Amino acid sequence: SASPAAICLGSSTTITGAANTLCAGNITNFAGIYAPANWTNINNNSNGVVNAAGAPANIIMNSGTNNGGLPGSTNFSKSMTCSGNMTFNWSYTHADAFGSIFDYPRYTINGGAPVTFSGFIIGGSNIQSGTQTIPVNTGDNVELQMYTIDNDAISGFITLTNFSAPD
């Protein structure tokens, strides 16, 4: 809009408006707007860590080990600026042969019900891997989690690689 609506030659006017975010494709790896510094790490009853030393190529998340005997999660979240698909490869390891029963990766969108990573088998092998695709909309808050049901002394680890998300 402009104020005043009509102007004469030599007069001034004020023009106001809003610019929409330009979505131009995808960003690969944990870089640009997806660099680790642009995410939020919040632990819920967990002392787990998001290790971003390997960024932009990868990040590693581990489950909590506070020995509290209660569930907890290590969370890495980001608000989406564009719609599209967030995709990444994941690789899970746990020192305990039965670790996937107690510690596993999942995600939420806008605080909704947690979804276990595609292909991850709770109670399956202590070494697993797969690919995750998460459809996202502008404004969604995506939270990647490393969940623990017991916070025992042995962590599960999830390494995320080949990350791509809308920009």
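Predicted model: local features only at pLDDT ≥ 70, side-chain atom pairs only at ≥ 80, totals over all residues.

A: Let us begin with charges and rings. A charge sits over a ring if NZ of Lys or CZ of Arg is within 6 Å of the ring centre and within 35 degrees of the ring normal. Here the charged end of R106 sits over the ring of Y147, 3.8 Å from its centre. K78 lies over the face of Y34, at 5.7 Å from the ring centre.

Q: Which rings are linked by ring pairs into a cluster with Y147?
A: Rings of Phe, Tyr and Trp (its six-membered ring) pair if their centres lie within 6.5 Å; planes under 30 degrees apart count as stacked, over 60 as edge-to-face and the rest as tilted. Ring pairs join Y147 in a cluster with F88, W90, Y92, Y104, F117 and F120. The whole structure holds 12 aromatic pairs.

Q: In what order do the 5 strands of the open sheet lie?
A: Strands of a sheet pair through backbone hydrogen bonds, either parallel or antiparallel. Strands (E, at least two residues) and helices (H or I, at least four) are DSSP runs, numbered from the N terminus, and two strands pair if DSSP finds at least two bridges between them. In this open sheet the order is β4-β7-β12-β9-β10, with antiparallel pairing. Its edge strands, β4 (40–44) and β10 (115–116), each pair on one side only.

Q: How many bridges join β9 to β10?
A: Strand β9 (residues 103–109) is joined to β10 by 2 bridges, and the two run antiparallel. Y107 stands opposite V115 in β10. In the loop between β9 and β10 is N110, which has a positive phi of about 55 degrees although it is not a glycine. N162, placed in strand β13, also is not a glycine and has a positive phi, of about 50 degrees.

Q: Through how many residues does the hairpin join β5 to β6?
A: The hairpin runs through 6 residues. Between strand β5 (residues 50–51) and strand β6 (residues 58–62) there are 2 bridges, in antiparallel fashion, and N51 stands opposite I60 in β6. P56 lies in the loop between these strands, and the peptide bond from A55 to P56 is cis, with omega near 15 degrees. On to β13, β6 is joined by 5 antiparallel bridges; N62 has F157 as its bridge partner there.

Q: Why does I149 count as partly exposed?
A: Buried means under 20% relative accessible area, exposed over 50%, and partly exposed in between (1.4 Å probe, protein chains only). I149 counts as partly exposed because its relative accessibility is 30%. I149 is found in the loop between β12 (141–148) and β13 (156–166). C23, in the loop between β2 (14–15) and β3 (26–28), is likewise partly exposed, at 40%.

Notes: Residues numbered from 1 in each chain as written. Heavy atoms only, no water.
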